[in-house]
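Please have the viewer open as you read.

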Amino acid sequence: MSITGFPIYRPRRTRATENLRAMIRETEVSVKDLIYPIFVVPGENIKHEIESLPGNYHWSVDRVSECVDEVVKLGIPAIILFGVPSYKDAVGSSGWDMNEPVQKACQLIKAKYPGLVIITDVCLCEYTDHGHCGVLQNGCTVNNDETLPLLAKVAVSHCQAGADMIAPSNMMDGYVKAIREALDGAGFKHIPIMAYSAKFASAYYGPFRAAADSTPSAGDRKGYQMDPANSDEALRETALDIEEGADIIMVKPALAFLDIVQRVHETFNRPLCVYNVSGEYAMVKAAAEKGWIDEKRIVMETMLGFKRAGAKMIITYHALDVAKWLRENR
């Protein structure tokens, strides 16, 4: 202690200027951390702003390059594609139809930007007429084992169209193993799987379900997505996915589950992704529109929180803005 009663070490000394703060900064956000979600839809000449996700759009395949051009120009290394199909049925067969928007978009984007990492979501909720993530049994419960080969068909079709990574989000037991075996058998041993390992049955998904037209027509997804109250179970789910062959693991949602992100990061030696989901995004945009928050500062603090908790990659609807703000700060 000094004679004035203060400690000899004063942390404020290294906070005096921006350059000093930058020199000791422990966590950084980079444009290379970002993955941008894109929604592709049937039809032509479509660029339609998604009401629940302002600043994000439904794109027809013939115009999706406009969005991807900006992604590449900003230096964002990856996109994740979600599709609204031209038809739906009980088993989601449009999910593996090579003439549907995701497959056609993969082909177009890969031809124009071979270096961009194209990730595709593998689930059936967008493609089934009932909105659940698999085949229904007795009209109310998803039949886990009958769903697995269908998910595998979706994954293989995406790789045939040019996808660089498969991101299965369905939360079926055994889904990673089924997809890994199907990809290997189809000649895609080199394609990594980014598993939605700890995906919670969350209220934060509302705007996405409107954007992807994937709201269940009856019931909910609590029977297969995780209970938000459970932390230890998230570690068990993640361990299973790794055992089955997941190359990258994910926690979804991110913001309200940073404790899970940190536990998964500290427990497993695997690259970790977080999904900054639609509800998290929409709340920020709504508050910013009201003038109640500083949008840029809030978003960048949120990105730092994800990185500080252990995330290596961030799927976020803020990606374009974050990339622009990072350029401004160079």
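1. Let's begin with L183. Setting aside neighbours within four places in sequence, L183 is in contact with A155, V156, C159, I166, F188, K189, I191 and I193 (contact means heavy atoms within 4.5 Å). Keep in mind that this is a predicted model, where local features need pLDDT of at least 70 and side-chain atom pairs count only at pLDDT 80 or more, while totals for chains, interfaces and linings use all residues. Residues are numbered from 1 along each chain as its sequence is written, and side-chain values use heavy atoms, with hydrogens and water left out.

2. L183 and I38 have the most contacts inside the largest nonpolar core, which has 87 residues. Such a core is a set of buried Ala, Val, Leu, Ile, Met, Phe, Trp, Tyr and Cys residues joined through side-chain atoms within 4.5 Å. Helix α4 (residues 144–161) gives this core its largest share, nine residues. Helices here are DSSP runs of H or I with at least four residues, and strands are runs of E with at least two, numbered from the N terminus. Apart from this core lies another, of 23 residues, with L53, I119, Y281 and Y317 among them.

3. K189, one of the contacts of L183, sits in the loop between α5 (175–185) and β9 (194–199). K189 counts as exposed, at 64% relative accessibility; the cut-offs are over 50% for exposed and under 20% for buried, with partly exposed in between (1.4 Å probe, protein chains only). Beyond its neighbours within four places in sequence, K189 is in contact with R180, L183 and D184.

4. Is K252 buried or exposed? K252 is buried, with a relative accessible area of 6%, and belongs to strand β10 (residues 248–252). Leaving aside neighbours within four places in sequence, its contacts are Y196, A198, K199, F200, Y205, Y275 and V277.

5. Finally, a helix pair. The axes of α9 (residues 278–289) and α10 (residues 295–309) come within 10 Å and cross at roughly 155°; axes are lines fitted to C-alpha atoms, for helices over the stretch in contact, with angles from 0 to 180 degrees between N-to-C directions. The two helices are therefore roughly antiparallel, a label for angles over 145 degrees. E280, V284, K285 and A288 in α9 meet E295, I298, V299 and F306 in α10. These residues divide into five nonpolar, no polar and three charged, where Ala, Val, Leu, Ile, Met, Phe, Trp, Tyr, Cys and Pro count as nonpolar, Asp, Glu, Lys and Arg as charged, and the others, Gly among them, as polar.

Terms used: Parallel < 35°, antiparallel > 145°, perpendicular 65-115°, else oblique.
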